[in-house]
Structures are given as C-alpha cells and as structure tokens.
Amino acid sequence: MINGSKPVTPATKARVEDAMRQLDYRRNALGRALASKRTRIIALLYPALQRRLTETAVKFFTSATQRARELGYNLVLWPISNEAEQIEELISSGFIDGVLLMEVQLDDPRVECLRSSTMPFALIGRVREPESVPYVDVDFENAVVEAVSYLEGLGHRSFCLVDSADVEYALTGYGPLVRTRETFAAEMQRRGYSSAQLSCENSPISGQAAIEHLLAAAPDTTAIILMNDNASFGLINGLSKHGLEVPTDVSVLLIGASPAVAETTDPRLTVMSLPSTELGRMGVETLIDQLEERGAPMQHALVKCSFEEGQSTGPARNWNPAGPW
C-alpha cells in the first residue's frame, strides 16, 4: 500500500500514514530498488577530464535534473571519459537504469558499447549515422547558415571561422565542431566568398593570438564567426590592439554560447545562443520514454539556436547598400 501498488480505502490509507508519522518512517530507496529491480537513477555522462564543465553544460545538467525529478527519476552527473571500457563498468554496476550521453563524437566508442548492451540510452548530440539511435541535438548547420546570411545582409563578403583547438585535441571527431566547419566551408563555396578558418585554445590570451594569425593570413576579413566562448574576450582585445574597432572594422558573431557569455565583452556580442534548457529536458524525456516502455517513436530532434543581436555586428566597411553587391 505504501508504494501505491494496491488499492485501499481512504480511511485505511489515513490510518497507515498516521502510524508512519508516529514511527518517523522513511521510505527506503535502496529497498524499493531491490524489490522492483530498478533504481530510478539515470546517468548523464560528461567527459569532464577531456572537456571542462562550461556554463552551457551546467544548464544542460540542471534542466535535465529538474525534468528527471518531475518524471520520478534521479539524475546523476557521471564524469568519465569517452572510452568504452568505462561505459562497460558503469553498465555492469547495476546502479543505473539508463544513460544519457553528452559531448558526442561522430564515431563515439560509448555509443557502440551501449548498442551492444541492453542498457537504454539517448544522446544529446549525434553520431556520424544517427538514424538508429535516439537523440536530440543542436542544429549547428542551421546556426552557421543563419549567421552567414545575417552577416551577408550587412554587406560582408570576407569571413573567418574561429573555433576551439582544445575540443579538437580532446575529442576527435567532435560532432558540433565537425558539422560547423563543414557547413561553413560549404556556405562559403556556395556563395562564392573568401574565407579563412582558425582554431585557438579556450582562453582569452589564445583569442588575442588568433587575431595575429588572422591578420597575417586574411587581413581583408570583415566578419568573424566565433565558436569558442572563452576566447571571445581576448579576440575583441586583439582587434582593438591592432586599431580595429568592433563592429566598424570587423563584425564578430558568437555561435553555440549563451547570452551570459555574450555580455562579458565590450561591445556586447551578437550571439546564436544554445537551447540548453530545452535540450536537457528533451534528452531526459527521450530516455525515460524507453524506460517506461511507452512505445513512442524513436526521437530524432534538432533544435535551433536563437539569435540575439548585440553590439558587435554592423555593416561591412565601405559597404554601399545601394551598390552593385
């Protein structure tokens, strides 16, 4: 009766609950798990040793935790590397009912391990061929297309993508990075614009150094698409150090970040912000649909970034809107 598995009269229920209060009874989660053979615990896997826990990742985690609690589950953050061996240990522990993966690589060894097991799982991200696994992910391809189109509308014809070298070193074939680069290159070719692509470490000093490389390799650049939160402050400073004003001389648009990050620079960055809260919630729902055997179709969902205009983007220098552009 205590767990609601058998119907009882309201009077009987009231007497039992009163006795529970007098005896200071507490439901035993471990005992319930042993009886039901389920722990109602799901693990959110994050490779903290390979990828620092960013503000955006924390938003994923808090949103997922709240939604799991609403659905009667506990979510724990499991900071292990993206290695199959550690996944196998986790699966065999019997501690969790399901797994939610973040920071997904195109050829992610964790996914192959989970596919060969009976452990329910879902991804916040996509592998190279994602059709056979449940996932929710950011539509990075659309974010790049929208960013380029917005800057194109301001007269920009010479672009540079600056992304994260740290991610590339730590997570080979990291999905968001690969897809962003490929889409950027394809858009530049399709539109016939000149472009450059640089990577720098996730730090302000590396962002400043990236400007040195940019001015040496592509000095005519008028628009930078930045996919590196922690380099943004240094990148703006690097431009200023060389006498380039933002956005008068160079426009900067940040993608895959949050408004809070965009507000740390002067001028405030225009940003394509991640749908962190929505993805955390959707990822948990996708996994719990499997655990509850609801028979829902396998989830394959892409969620768009939201555009928030700041003060770091403006018309390209020497651009005449009425001209032959």
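Visitor: In which loop is Pro247 placed?
Guide: The model is predicted: local features need pLDDT of at least 70, side-chain atom pairs count only at pLDDT 80 or more, and totals for chains, interfaces and linings use all residues. Residues are numbered from 1 along each chain as its sequence is written, and side-chain values use heavy atoms, with hydrogens and water left out. Helices (H or I, at least four residues) and strands (E, at least two) are DSSP runs numbered from the N terminus. In these terms, the place of Pro247 is the loop between H10 and E9.

Visitor: What is omega for the peptide bond from Asp266 to Pro267?
Guide: Most peptide bonds are trans. The bond from Val246 to Pro247 is cis, with omega near 5°. Pro267, in the loop between H11 and strand E10 (270–273), is likewise joined to Asp266 by a cis bond, whose omega is about 10°.

Visitor: Is Arg40, which has a positive phi, buried, partly exposed or exposed?
Guide: Most residues other than glycine have a negative phi. Phi of Arg40, however, is near 60°, and the residue is placed in the loop between helix H2 (29–36) and strand E1 (41–45). Because its relative accessibility is 28%, Arg40 counts as partly exposed.

Visitor: What is the relative accessible area of Glu103?
Guide: Glu103 also has a positive phi, near 55°. Its place is the loop between strand E3 (98–101) and helix H5 (109–115). Glu103 is buried, because its relative accessible area is 10%.

Visitor: How many residues does H3 give to the lining of the largest cavity?
Guide: On a 1 Å grid over the protein atoms alone, a cavity is a set of points where a 1.4 Å probe fits but cannot get out, a pocket is an open set with protein on both sides within 12 Å along at least five of seven lines, and lining residues have an atom within 4 Å of a point. Grid points are joined across faces, edges and corners, and a volume is the space filled by probe spheres set on the points; the largest cavity has about 480 Å³. Its lining has 29 residues, of which Arg51, Glu103, Tyr174, Gly256 and Leu274 lie nearest its centre. Helix H3 (55–70), strand E5 (135–138), helix H8 (175–191) and E9 each supply at least two, and H3 gives the most, with three.

Visitor: How many charged residues line the second largest pocket?
Guide: This pocket has a volume of about 160 Å³, and its lining includes Pro134, Asp289, Gly295 and Met298. Ala, Val, Leu, Ile, Met, Phe, Trp, Tyr, Cys and Pro count as nonpolar, Asp, Glu, Lys and Arg as charged, and the others, Gly among them, as polar. By these classes the lining has four nonpolar residues, four polar and, as for charged residues, one.

Visitor: What is the length of the polar contact between the side chains of Ser81 and Gln86?
Guide: Ser81, in the loop between strand E2 (74–78) and helix H4 (84–92), is buried because its relative accessible area is 9%. Beyond four places in sequence, Ser81 touches Pro47, Gln50, Gln86 and Arg110. A polar contact is a pair of N or O atoms within 3.5 Å; within protein, one must be able to donate a hydrogen and the other to accept it, and residues adjacent in sequence count only if both atoms are side-chain atoms. For the side chains of Ser81 and Gln86, the contact is 3.1 Å.

How values were computed:
Buried < 20%, exposed > 50% of the residue type's maximum accessible area, 1.4 Å probe, protein only. Contact = heavy atoms within 4.5 Å.
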